[in-house]
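The following questions and answers examine how the parts of this assembly meet one another. Please consult the sequence and the coordinates while reading.

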There are 2 protein chains.
Amino acid sequence: MIDNYLLEELVTFSKYGTLAATAEELMVTQPTVTRGMQKLEDDLNVKIFDRQPNRISLTKTGILAAKEAQRVLDQNQNFIDTVQAYEASHTTIRVGSVAPGPIIMLHSLDDIPDNAVINDNLLKQDTVIEDLENRSFAAILTNQEIMTDSIESRFIGSEHLSVNLDKFTYLANKNSVKFEELKGMSFIVINDIGIWKQIIQDNIPDAKFLYQEQYEAFTEITKYSSFPYFSTNVSKASNHLPTQNDDRVKIPISDDASTMDFYISYLKTQKSQVTQLIDSMTQAWKQ
Amino acid sequence: MIDNYLLEELVTFSKYGTLAATAEELMVTQPTVTRGMQKLEDDLNVKIFDRQPNRISLTKTGILAAKEAQRVLDQNQNFIDTVQAYEASHTTIRVGSVAPGPIIMLHSLDDIPDNAVINDNLLKQDTVIEDLENRSFAAILTNQEIMTDSIESRFIGSEHLSVNLDKFTYLANKNSVKFEELKGMSFIVINDIGIWKQIIQDNIPDAKFLYQEQYEAFTEITKYSSFPYFSTNVSKASNHLPTQNDDRVKIPISDDASTMDFYISYLKTQKSQVTQLIDSMTQAWKQ
DNA sequence: AACAATTACGGAATCCGTAAAAATT
DNA sequence: AATTTTTACGGATTCCGTAATTGTT
């Protein structure tokens, strides 16, 4: 058996032509590569290099060897990929979120990895790290990057908050509004909106929020009243919100606080189990 | 990249079922295999074993991994074989001999490796080791095994000496003769018969040997005289000896000295270059 | 009690980097 | 002078074996 690091040096050499360039590419020193190629020849017991004092090149056999070495490395990499992919598709992973947006997005995906189990109850922000480390969840959708020794995050997409106003109110003609302009109004709000709850309460002065536990109550009231309600670019995809017979106009809110970036956070050691999920979500969010 | 020794341990484990048996098969200790499989899981970042205090077994993913690991090892071995075979078939190897028999045998082969160059001038016995070590010859056919640090030998076959006697002499009716019985006779002998020259001179008392430099002279004289001459099971295959119009009878010589074992000797480091030649010769000598 | 797996620890082998040398362009 | 390869030496990492531990059959 020939060690992989020797094959890697050979393949790299065949691409770059000198031991010096090979060493630089592999981020080792020249003597390391010199010794490696000497050892490779010794292990194979075949002369694969023509050597001159300051020039070295592959023999015909060496060229063949480099080509074959690439196949061995490919096979090894394929081994890793195959085993990890098999494991990933046969391990159910629990996915949680601190906000409803990403959850709605998840449910709307056509290609959710079939091993993903989505938890619809929103998680509290301050237990995220704990939930990941004790493996309660394999991945959690968060509104902050988490970068610790064991956890990392990847950006998924942004959610933008809008307010849906009766089309006869004066604000309904604007291209965007500020939280400040909504001062003192009363809003119909779905109770379980996670992170957003705090944001609207903190940013709209003197407002009243008529929280509804049930979606049905929410839709009924919006339909037969003119209370404004909130939606986002993501929630719009949901069928929970009224779309027909709605006399309201959707106006984006322009404050910074109305835009929220979402990340998927997971244990570094579990990365291979969640890559498929990451890919699906980043892809879907773009649309 | 996953190190090959880990893959080898995995494949062996999947065959033998316990770490203990795996360790024994691979001629290492149990802790080595334990650590190896821990490292493999760690490198792959996939759980491939179910562990109990006293028992360990492969998960479904582990079974797949073992199967795939075998392919990686096969590919690696194939790499070695391919490179060595290519080198062997593109490197001319010089083949020498200390006796004519094996040379005649070599020339009669239909499938001499086409990279073999046969030297028809016989070599002296006492320079064989030197000739191999300074690479003057890649392989030499010898009548003795050579086993040094750098050289090894493989048995090829035996050559048996016979004497061809005029059918009217009284010895011609025997099934075999001894050297002693040939005492005082005169023989026609090809001059360049290597090792055999010494043997007939040493073993036949008071004999006269009429050495002939040229094959033509030898065949002419045998044809038009009744001098006995020597042949062997190997030389018979040669067209240098008369076969038609020969009034002589071939009688085997029964002394031990009339049987000579031949070996092919080569540098251990060159083994892969001469294996094809070895196979061809041992195969051919059987017939 | 016997067996299988694991952990702890010390030694051995391997691999790597720094420094220096040799030879070419 | 600058570049490339190679050798020599010392240090660091990795890998292994012995001995001891844990837990099961």
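**Domains and interfaces in a predicted model**

The domain assignment divides chain A into domain 1 (4–88), domain 2 (90–157 + 261–286) and domain 3 (159–259). The model is predicted.

Q: How many residues does the contact take from domain 2 of chain A and from domain 3 of chain A?
A: The C-alpha centres of domain 2 and domain 3 of chain A are 26 Å apart. The contact between these two domains takes 14 residues from domain 2 and 11 residues from domain 3.

Q: Which residues in domain 2 of chain A lose the most area to domain 3 of chain A?
A: Domain 2 and domain 3 of chain A bury about 920 Å² between them, and 67% of that area is on carbon and sulfur atoms. Three residues of domain 2 together account for 38% of what that side buries. They are A:Pro100, A:Ile104 and A:Leu122.

Q: How many salt bridges does the rule find across the interface of domain 2 of chain A and domain 3 of chain A?
A: The count of residue pairs in polar contact between these two domains, with both residues at pLDDT 80 or more, is zero. For salt bridges across the interface of domain 2 and domain 3 of chain A, the number found is likewise zero.

Q: Which element supplies the largest share of the side of domain 2 of chain A that touches domain 3 of chain A?
A: On this side, α5 (100–108) and β11 (259–267) of chain A each supply at least two residues. The largest share is five residues, and the element that supplies it is α5(A).

Q: How do the residues of the side of domain 2 of chain A that touches domain 3 of chain A divide into nonpolar, polar and charged?
A: The α5(A) helix supplies five residues of this side. By class, the side of domain 2 of chain A that touches domain 3 of chain A has nine nonpolar, four polar and one charged.

Q: Which three residues supply 22% of the area that chain B buries against chain A?
A: The contact between the chains takes 35 residues from chain B and 35 residues from chain A. Together the two chains bury about 3,300 Å², with 63% of it on carbon and sulfur atoms. The three residues of chain B that supply 22% of its buried area, more than any other three, are B:Met1, B:Gln75 and B:Phe79.

Q: How many residue pairs are in polar contact between chain B and chain A?
A: Between chain B and chain A the count of salt bridges is zero. With both residues at pLDDT 80 or more, the count of residue pairs in polar contact between these chains is 10.

Q: Which element gives the largest share of the side of chain B that touches chain A?
A: Both α1 (4–16) and α4 (60–90) of chain B supply at least two residues of this side. The largest share amounts to 21 residues and comes from α4(B).

Q: How do the residues of the side of chain B that touches chain A divide by class?
A: The α4(B) helix gives 21 residues to this side. The side of chain B that touches chain A divides into 14 nonpolar, 13 polar and eight charged.

Q: Which residues come nearest to DNA strand C?
A: Of the atoms of DNA strand C within 4 Å of the protein, 64% belong to sugar or phosphate and the rest to bases. The surface near this strand has at least two residues from each of α3 (30–44) of chain A and α2 (19–26), α3 (30–44) and β2 (55–58) of chain B. Of the 22 residues around DNA strand C, those that come nearest are A:Thr32, A:Arg35, B:Ala20, B:Gln38 and B:Arg51.

Q: At what distance from a phosphate oxygen of DNA strand C does a polar side-chain atom of A:Thr32 lie?
A: A polar side-chain atom of A:Tyr5 is 3.1 Å from a phosphate oxygen of DNA strand C. For A:Thr32, the distance is 2.5 Å.

Q: Which element supplies the largest share of the surface near DNA strand D?
A: DNA strand D is surrounded by 23 residues, the closest being A:Ala20, A:Gln38, A:Arg51, B:Thr32 and B:Arg35. Sugar and phosphate account for 66% of the atoms of DNA strand D that come within 4 Å of the protein. The largest share of the surface near DNA strand D is five residues, from α3(A).

Definitions and conventions:
Residues numbered from 1 in each chain as written. Chains lettered and ligands numbered in written order. Predicted model: local features only at pLDDT ≥ 70, side-chain atom pairs only at ≥ 80, totals over all residues. Heavy atoms only, no water. Near = heavy atom within 4 Å. Polar contact = N/O pair within 3.5 Å; in protein donor to acceptor, adjacent residues only side chain to side chain. Helix = DSSP H or I, 4+ residues; strand = E, 2+ residues; numbered from the N terminus. Domains from an automatic or database assignment. Contact = heavy atoms within 4.5 Å. Buried area = accessible area lost by both parts, 1.4 Å probe. Salt bridge = Lys/Arg side-chain N within 4 Å of Asp/Glu carboxyl O. Nonpolar A, V, L, I, M, F, W, Y, C, P; charged D, E, K, R; others polar.
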